[in-house]
Amino acid sequence: MHEMAMADSILKAVIENAENNQAIEVIDVVVEFGQLALLNPEQVKFMLDVLSEDTIAKGAKFIIESIPIEIKCKKCSFEGTIDGSSLDHYAPIVKCPKCDAYPVDVLNGKDVIVKKISIEKED
Ligand SMILES: [Zn+2]
């Protein structure tokens with residue numbers, strides 16, 4: 001249930017930000033989701049909808065932006081992004097697209113970041 005913990009910490013950050021800015025409503029929240037975050041983004045989104053029910057973020061739109069995986073191959077030095085959309089969420093196997101080597105260094109794509117929060121303020 002890592003998704004629940006992640007949804008919970010995202011929501012806490014959103015609520016804290018909204019309260020610090022005297023928000024009366026949260027309109028939408030953009031969450032950057034690394035394709036190697038080892039979480040199911042759809043489940044996190046669902047839990048955000050459920051957990052936000054009794055908070056200031058009730059009814060907010062949670063937008064998940066998928067962040068591609070950036071790697072550097074240890075064998076052939078290939079550096080670039082690979083499409084992780086078809087990988088298993090929980091046990092992704094990342095290989096070099098050029099020489100098929102494994103393992104590779106993952107430079108980007110592991111993190112989940114709250115990128116943008118849009119709020120409504122009282123006039
Ligand atoms: Zn390679």
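This is a predicted model: local features need pLDDT of at least 70, side-chain atom pairs count only at pLDDT 80 or more; totals for chains, interfaces and linings use all residues.

Me: Which residues of helix α2 are buried?

Reply: In helix α2, residues 41-51, the buried residues are Pro 41, Val 44, Met 47 and Leu 48. They lie on the same side of α2, because they cover an arc of only 120 degrees around the axis.

Me: Which exposed residues does the face of α2 turned away from its buried side carry?

Reply: That face carries Glu 42 and Val 50. As for the buried residues of α2, their cover includes α1 (2-20), β1 (23-34) and β2 (61-67).

Me: How should I read a nonpolar core?

Reply: Nonpolar side chains in soluble globular proteins tend to be buried together. Here the largest nonpolar core has 28 residues. Ala 7, Ile 10, Val 14, Ala 18, Val 26, Val 29 and Leu 48 have the most contacts inside this core. Two or more residues each come from α1, β1, α2, β2, β3 (69-73) and β6 (112-121). The largest share, six residues, is given by α1.

Me: Which residues does Val 29 touch, not counting those up to four places away in sequence?

Reply: Val 29 touches Val 14, Ala 60, Phe 62, Ile 63, Val 114 and Ile 117.

Me: Which residue does UniProt list for "binding site", and where does it lie?

Reply: The UniProt entry, which is unreviewed, lists His 2 under that heading. His 2 lies in helix α1. His 2 counts as partly exposed because 13 other C-beta atoms are within 10 Å; the exposed class stops at 12 or fewer, and the buried class needs 20 or more.

Definitions and conventions:
Residues are numbered from 1 along each chain as its sequence is written. Helices (H or I, at least four residues) and strands (E, at least two) are DSSP runs, numbered from the N terminus. The arc is that of the directions from the helix axis to the C-beta atoms. Two residues are in contact if their C-beta atoms, placed from the backbone, lie within 7 Å. A nonpolar core is a set of buried Ala, Val, Leu, Ile, Met, Phe, Trp, Tyr and Cys residues joined through C-beta atoms within 7 Å. UniProt positions are given in the numbering used here, feature names are shortened, and annotations may be inferred rather than shown by experiment.
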